[in-house]
Amino acid sequence: MPEVYTAFENEDFFSSGYELQAMNTRGIYSPSSGSQETASVSSSMSVLSSLHDNELTDITVIGDPYITILEQPTEKFRFRYKSEMVGTHGSLVGSNRKNVPTVQLHNFLDPAVIRCTLVTSDEGLSRIPHAHKLIRRDGGQDYDDPHYITVSAETGYTAIFQGMAIIHTAKRHIRDELIKKMRLEALEKKKNTNIKAILNSREEAQIKVDADHYQKHMNLNSVALCFQAFVTNHCGVMIPITEPVYSQTINNLKSALTGELKICRMDKLTSSVEGGEEIFILVEKVGKKNIRIKFFELNEDGCEIWSAYGRFSELDVHHQYAIVFRTPPYKDQNITLPKNVFIQLERPSDGDCSDARKFTYKPSDRIIDIKCLGRKRQRISYSGSSELSNILPNTNSIGNENISELLNNSNSHELSKEIKKILSEGTTTPVCKDFLSDIDVDNYLKLLLNSEENMLGTDGPSIVQYQDDVMFAKNILTEIMQCMKMDAKNMEEYIQKLLKDRSTYGDSPLHSALRYGQHNIVKYLLMLLCTNKDCKTLINSQNSSGKTPLHYAVLQNQPEITKALLMLGADPNRTDDHGFSPLHVAVKISDAGACVDVLLSEKGINIEAYNDAGWTALHLATKAGSYDAVCSLVHAGANVNNTDMSYGRTALHIAVEGGHKKIVEYLLKKTNISVNKRNFSGNTALHTAVVHTGTRAKELCALLIQHGADPYIQNHNRESNDVNKKKESHVNVKVEVHSEDENIEGAIGQSSFDLAMNKPDILQVFNGQSEKTTNKMCLVTTKLELKHEDLETNWLNNEHKEKLSILLDKTQGWQKLAKQLNIEYLLQTFQHNSISPSLGLLNYIDVEAILSLMDMQTVLREIGEEEAADYINEISSICS
DNA sequence: GTCTGCTTCCC
DNA sequence: CGGGAAGCAGA
C-alpha cells in the first residue's frame with residue numbers, strides 16, 4: 001500500500017513551509033527531502049515539454065502523462081458538520097460500495113505524488129476549490145486536504161484514497177474557507193514560475209471578490225474530487241505533470257436537493273386503467289417545485305415501453321413529505337387482465353429517481369363485455385371452432401337465426417315497454433310458468449346446450465374461472481327452464497333458490513348477465529323477475545363490492561335496461577362499497593348521457609348525495625369532463641355551489657383543475673356559480689387555473705377573469721420567502737387604494753397574482769383586464785409605478801425585461817444564465833413559456849430576488865453574454 | 001407567532 | 001454508522 005502524506009494543518013503550507021527541510025517522521029510530504037528521488041533518465045524518453053519553463057531537466061516521460069480513475073467515489077455520501085465528527089462515521093467508498101476511490105498515473109516512469117482535493121461539481125463550468133473540507137482519518141487523527149499519495153512502479157502507479165470524509169463547512173465559514181483555498185491555489189500557480197512569489201494586494205483583493213461571489217452561488221450539496229499528479233523540482237516546488245481529472249459528482253445524502261428520493265408509503269397501489277384516481281403518497285423530503293411521479297412499464301427485456309406522470313400541482317405537495325396526486329390513464333384502455341407497471345419519484349433538476357414500486361392497473365368495469373372476451377378467447381385457443389361470443393344471444397356470428405328469432409328481436413328498446421305491459425297488466429301471479437309458456441323452451445334449451453359444447457376445452461385455470469363466470473347467468477337460466485319443463489313439485493322454491501345463487505364477486509345471475517353484456521339473458525331474467533314475489537329484493541341485491549344490477553346497467557350504458565330496472569323497483573340511491581350511487585357511476589362515463597337522464601327522471605333520486613370520498617354527482621361529472629352530464633345535473637336542479645367534502649371545491653374548481661374549458665364556460669355563463677369561492681386551502685378557481693400545468697392555463701384564467709374572478713384573493717398558504725416580502729408592500733398599496741376590500745381579512749397567503757409571478761402570459765391576462773375595467777386593478781399600475789421609482793431595489797421594468805429577453809432568446813443565453821444560477825431544473829418550464837423563455841426566466845429572477853442588477857451584469861459577462869450585459873449597464877447608468 | 005433550513009446532538 | 005430529532009436563527 002502506498003504511503004499517504006497529508007499536508008500540514010498549517011494553512012501556510014505552500015507559502016512559508018514549502019521549500020522546507022525534510023519535515024518529520026510522520027511522513028508529511030517534504031519535497032526537498034532526500035527520500036524523494038526524481039530522475040533516472042532513460043534515453044528513449046522524450047523530455048516532457050509541457051512542463052513549462054521550469055527546470056525539470058531530469059524528468060522523463062513517454063508521451064503525455066495522464067491520470068485515470070480506476071474507482072470512482074460513491075455518488076451519494078453524507079456530508080457531516082465538524083461537530084458531528086466525533087466517533088466513527090463511514091468514509092468515502094467507491095461507487096461499487098466496496099473499494100475506495102482509486103486512481104492511476106500513466107505514461108510516467110518515475111515516482112510522483114498524486115494529490116486529491118475537493119472541488120465544485122458544476123460540470124462544464126470551471127472548477128474551483130470547494131468550501132467543504134475533505135478530511136482523511138488515520139490513527140484517530142484527522143488531516144485536512146490536500147492529500148498526497150506517492151506512486152511508483154512498485155505500486156503500479158495507483159493511488160488508493162482511504163478513510164476520507166467530507167466535512168460540511170458551516171455557512172458562516174464558507175467565505176473564509178474559500179479565501180484560504182483560493183489563496184493557496186493562486187500562490188501555487190505563481191510559485192511554478194517563481195519560487196519566491198507572493199500574492200500582491202490586487203490579487204488578494206480579487207480573491208476576496210471572487211470568494212464573495214462563490215459564497216453565494218456554490219452548490220453546498222455537491223462536490224467532486226480532483227486528482228492531479230506532481231513531481232518536485234530541485235527547489236522543492238511541486239510541478240504538475242498531468243492535467244487535473246475530476247471524479248463524478250458526490251451528492252450530499254442528507255439534503256432535499258440531492259438526497260435520496262424515496263417512496264415511504266402509498267394509500268393504494270392500484271388504479272383503474274382510466275386513471276384519475278387519487279392517491280396519497282408519503283415521501284422523503286422533496287421540493288414541491290422539483291418533483292414528479294412517474295408511471296412506467298417495462299417489457300421482458302427491461303426496456304421502458306410506456307410512461308406517464310401522475311397529475312398534481314404545487315399545492316398538492318404537503319410540506320415536503322407528502323403528495324396527493326391523480327393517476328394517469330394507462331395507454332391501453334381495453335386490458336382485460338390487471339396490468340403491472342411501476343411507479344417512482346423523479347427529480348427534474350438532476351434526473352435522479354427513487355426505487356420503483358410495483359403498481360397495478362385494473363381493467364375498467366365497463367370493458368368486460370363480449371368483444372374482448374371473444375378476442376381473448378381467440379388468442380389463447382387453438383381449437384379454432386370455439387367462439388365464445390357464439391354462446392351468447394344477440395350475436396349474429398353463430399348463424400343461429402333461431403336464437404335471434406326466438407329471442408324476439410331482442411332490441412332492448414322493447415324491454416321497458418314489455419315490462420311496462422306486464423306491470424300494467426297487474427301480473428302478480430308468482431308463477432313463472434305462465435310467463436314462459438309463451439316461448440319455445442325446448443328449442444331455446446337446445447340451442448343453449450349446443451352452444452355450450454363449444455365452451456369445452458380450456459387453456460388455463462384463470463380462463464376456466466372466467467368462462468364459468470361468463471356462463472353463470474346462462475346456466476342458471478337454462479336450469480330454470482329445465483326446471484319449469486319438468487313441472488316439479490318444488491319448482492317455485494327451487495327457481496327462487498336459483499335466482500339467488502351467486503357467482504364470483506357475489507354476482508347474482510342478473511349482475512353476471514349485465515356485467516358480461518348479455519343483454520338478452522338480462523331481458524329474460526327481468527321477465528322472470530317481474531312475476532317473482534321477491535322481485536324487489538332480487539333487483540336490489542348487492543354483489544361483493546356492493547353494486548346493484550342498476551350499477552352495472554349504467555356501467556354498460558344501457559338506458560333501456562336502466563329504465564326497466566327502475567320500473568321494477570330498483571333503488572336509485574343504493575350505493576356500492578365506496579358510496580357510489582348509480583348516478584355517481586353514470587356521470588363519470590362520458591357517453592352515458594342517456595342513462596344519466598333516465599336516472600335523473602326518477603322521482604326519488606337524490607342528486608346531491610355524496611359518495612364516501614365526499615363528492616356529489618356534479619363533482620364527479622365535472623371531474624370526468626362529462627359535459628352532457630353536468631348540463632343534465634344542473635337542469636335537474638343540482639346545486640352548483642355545493643362543495644366536495646374532501647377539499648371544499650365547487651364544480652368550478654374541479655372543472656378548472658381538469659382543464660375542462662367547456663364545462664368551465666358552461667358553469668360561468670349558464671349557472672349562478674360563485675366564481676370567487678375558496679376551497680379548504682383558501683384557493684379560488686383562479687388560483688387553480690394559474691397553477692394549471694396544461695396548455696389551457698391562460699384561457700382558463702381569461703375566462704375566470706372575464707366572469708369576475710379576483711386575482712387578489714389570498715389562499716392560506718403562508719410562505720416565508722421573498723414573494724411574501726414583496727406581497728407585504730403590495731398589500732399596503734392595496735389597503736391605500738381601496739381599503740374596504742372585503743377579501744383582505746388580514747390573511748397572509750398567496751394571491752393568484754403571486755402564483756402567476758413567473759408566468760408572464762397569465763400576468764398579461766391579469767394586466768390586460770386591468771386596463772379595461774374597474775378601479776380594482778389600479779393596484780397593478782401602482783405596483784408597476786413603484787418599480788419605476790426605484791430601479792435599484794425593484795430591478796428591471798417590463799419594457800427593459802422584454803428588450804433583454806429578446807437579446808437572450810436570440811443567443812439562447814437564458815439557458816446558460818439559468819444554469820449559472822443553479823435553476824436549470826426550471827429550464828423546461830421556461831422553455832415551454834409561450835411568449836419567451838428568457839422573459840419567463842427574468843420574471844422568475846425578479847420575483848425570487850435572486851440577483852441585483854449589478855450581479856446580473858456580472859453573471860451575464862461570465863457566461864459571455866456581452867450584449868445583454870452592456871444593455872443592463874446602459875439602463876442602470878440612465879437611471880442613476 | 002410560525003415556518004423552514006441549518007446545525008448540533010443523540011442513540 | 002445511519003437515522004432521527006432537538007435547538008436555533010433567519011425570513
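1. In this predicted model, a polar side-chain atom of Arg80 lies 2.8 Å from a base nitrogen of DNA strand C. Arg78 also places a polar side-chain atom by a base nitrogen of DNA strand C, at 2.6 Å. A polar contact here is a pair of N or O atoms within 3.5 Å; within protein, one must be able to donate a hydrogen and the other to accept it, and residues adjacent in sequence count only if both atoms are side-chain atoms.

2. Conventions: residues are numbered from 1 along each chain as its sequence is written, chains are lettered from A and ligands numbered from 1 in the order in which they are written. Local features need pLDDT of at least 70 and side-chain atom pairs count only at pLDDT 80 or more, while totals for chains, interfaces and linings use all residues; side-chain values use heavy atoms, with hydrogens and water left out.

3. Seven residues are around DNA strand C, and those that come nearest are Arg78, Arg80, Thr88, His89 and Lys254. Of the atoms of DNA strand C that come within 4 Å of the protein, sugar and phosphate account for 24%. A residue is near the strand if one of its heavy atoms lies within 4 Å of it.

4. The residues of the surface near DNA strand C comprise no nonpolar, four polar and three charged ones. In this classification Ala, Val, Leu, Ile, Met, Phe, Trp, Tyr, Cys and Pro are nonpolar, Asp, Glu, Lys and Arg are charged, and the others, Gly among them, are polar.

5. Arg80 also belongs to a sheet: its bridge partner in β12 is Ile167. β5 and β12 (residues 164-168) pair in the parallel sense over two bridges. The open sheet has four strands in the order β5-β12-β8-β9, with mixed pairing. β5 (80-81) and β9 (141-143) are at the edges with a single partner strand each, so one side of each is left without a neighbour in the sheet. Strands pair if DSSP finds at least two bridges between them; helices (H or I, at least four residues) and strands (E, at least two) are DSSP runs, numbered from the N terminus.

6. How many of the residues of β13 (residues 222-232) are buried? Eleven of its eleven residues are, where buried means under 20% relative accessible area, exposed over 50% and partly exposed in between (1.4 Å probe, protein chains only). Ser222, Ala224, Cys226, Gln228, Phe230 and Thr232 point one way, and Val223, Leu225, Phe227, Ala229 and Val231 the other way.

7. β13 has several antiparallel partners. Eight bridges join β7 (residues 112-120) to β13, with Arg115 opposite Gln228. Two bridges link β13 to β16 (residues 250-252), where Asn251 is the bridge partner of Ser222. Two bridges also join β13 to β15 (residues 245-246), with Phe227 opposite Val245.

8. β14 (residues 238-240) pairs with β13 over three antiparallel bridges, and Val231 stands opposite Ile239. The hairpin of these strands has five residues between them, and Gly236 takes a positive phi near 90° there.

9. A further open sheet of four strands, with antiparallel pairing, runs β17-β19-β23-β22. Five bridges connect β19 (residues 278-283) and β23 (residues 322-326), and Phe280 stands opposite Val324.

10. Helix α16 (residues 593-600) is mostly covered, with six of its eight residues buried. These are Gly593, Cys595, Val596, Val598, Leu599 and Leu600. Their cover includes α13 (549-555), α14 (559-567), α15 (582-588) and α18 (627-635), contact being heavy atoms within 4.5 Å.
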